[in-house]
There are 2 protein chains.
Amino acid sequence: MPSRRYHHGDLRRAVLDAAVEVITEAGPAGVSLRELARRAGVSHAGPIHHFGDKAGVLTALAAEGYDLLAGSLTEVRDRTGEFVEVGVAYVRFAIAHRAHFEVMFRPDLYHADDPAVVAASTRASEVLTGGVATVADRTGDADLAVAGVAAWSIVHGFATLCLTGALSPRFADDPETTARAVAGMLFRRR
Amino acid sequence: MPSRRYHHGDLRRAVLDAAVEVITEAGPAGVSLRELARRAGVSHAGPIHHFGDKAGVLTALAAEGYDLLAGSLTEVRDRTGEFVEVGVAYVRFAIAHRAHFEVMFRPDLYHADDPAVVAASTRASEVLTGGVATVADRTGDADLAVAGVAAWSIVHGFATLCLTGALSPRFADDPETTARAVAGMLFRRR
DNA sequence: CCGGCAATCTTGTCAGTGTCAAGTTGACGT
DNA sequence: ACGTCAACTTGACACTGACAAGATTGCCGG
């Protein structure tokens, strides 16, 4: 068994997977290029060829995260047609893909101006802020754009508070249900 | 002028101030103990005596941040009596004390179980979640605790999105006004 | 006044890290 | 067979966090 072939095969993916592992275990601050290389079974400078530098690894992870998020939100919107469920899906994504999420909103860790990242993040935010038009604001006269920001804010804030452990266990233990209740306070379907 | 006395005078404060500077310039990831020591004008191991380790510096910063936040929220609540303004104050704090705020909600960067931190953070969250009782939920029948989480979520989310640069300039340029509108969508005074 | 003493800061050192330059391997087209 | 180029290795350098040991200083009791 060639446990150490010269060419890895898919080092790029292996490094990203290792990054997810490490971040899950120790947070984004615990990531080191050399550790990722070790887990992927290559020499310490192997990953550089694929990502340029450390920030490049996290850039790829952020782009992948925004892509997954946009896809997930779109799917839920098209399947359920209920805007509140899109918000719940946002929270579900943050918890299921915690490592990605924790990197995505730390622009100081990666190259935030990367085209792939901005494209994917724009796509995700548009599903959220745009979908607002499909529900009734409970006052009926609010600015739709402001409502979009409000929707994004409330689900993003809830997700962040969940992940940082700021919420009491009563809410953190069943985040999806809590998220539905919280999001429902802001919007409700017609 | 003794530009380099052996005893600094208030190294602790100088290091914390330097940390705020660095974080403002390069984010929490750009902080290095040695750089802080350099800016404070002491040798590379000077700060360790006061903070134990690098995480200790950020722990002190987080505790200070939660303290400032709790004080600010309490002051606004007592002065204005309007809950929405407490939310606006939360956002104002995040922007005015960006460096503190960016550390506070990254528990992987510091000793999150530090007594001073948990005490101050509890104090701050209680002002927010507790103040909900003073306003009317617009449906009139929601769980107050859930409403507290919603309030915290929406202002925290908005603050975070502002700081990460995720919002369009139209909203990011006057965050306080936008925050008032966003918070007003969730609650309004009786 | 003065002698220790503890807090404060320095110096030296170590393993670990990010990044670059140069070399090595191997696959693939011609 | 041969060149070529991407993928990876090896080696090096400056920087970092952490620790140990030493130097300096303010201070407090006598």
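This is a predicted model: local features need pLDDT of at least 70, side-chain atom pairs count only at pLDDT 80 or more; totals for chains, interfaces and linings use all residues.
Residues are numbered from 1 along each chain as its sequence is written, chains are lettered from A and ligands numbered from 1 in the order in which they are written, and side-chain values use heavy atoms, with hydrogens and water left out.

Chain A has 10 helices and two strands; these elements are DSSP runs numbered from the N terminus, with helices (H or I) of at least four residues and strands (E) of at least two. Along the sequence their order is α-α-α-α-α-α-α-β-α-α-α-β. A box of roughly 65 × 35 × 30 Å, taken along the principal axes, is filled by the C-alpha atoms of chain A.

The domain assignment divides chain A into domain 1 (7–52) and domain 2 (54–188); such bounds come from an automatic or database domain assignment. Between the C-alpha centres of domain 1 of chain A and domain 2 of chain A lie 27 Å. In the contact between them (heavy atoms within 4.5 Å), 14 residues of domain 1 of chain A meet 13 residues of domain 2 of chain A. The buried area, meaning the accessible area (1.4 Å probe) that two parts lose on being put together, summed over both, is about 1,100 Å² here, and carbon and sulfur atoms give 76% of this value. Ile23(A), Pro28(A) and Phe51(A) supply 39% of the area that domain 1 of chain A buries against domain 2 of chain A, more than any other three residues.

One salt bridge is found across this domain interface, the rule being a side-chain nitrogen of Lys or Arg within 4 Å of a carboxyl oxygen of Asp or Glu. Glu64(A) forms a salt bridge with Arg13(A), with the closest N and O atoms 2.3 Å apart. On the side of domain 1 of chain A that touches domain 2 of chain A, the elements giving two or more residues are α1 (11–26) and α2 (33–40) of chain A. Of these, α1(A) gives the most, with eight residues.

The second interface joins the two chains. About 3,100 Å² is buried between chain A and chain B, 74% of it from carbon and sulfur atoms. In chain A, Val149(A), Leu161(A) and Met185(A) lose the most area to chain B, together 18% of what that side buries.

Three salt bridges are found across the interface of chain A and chain B. Asp143(B) forms a salt bridge with Arg170(A), the closest N and O atoms being 2.7 Å apart.

The same surface serves both copies, as 100% of the contact residues of chain A recur in chain B.
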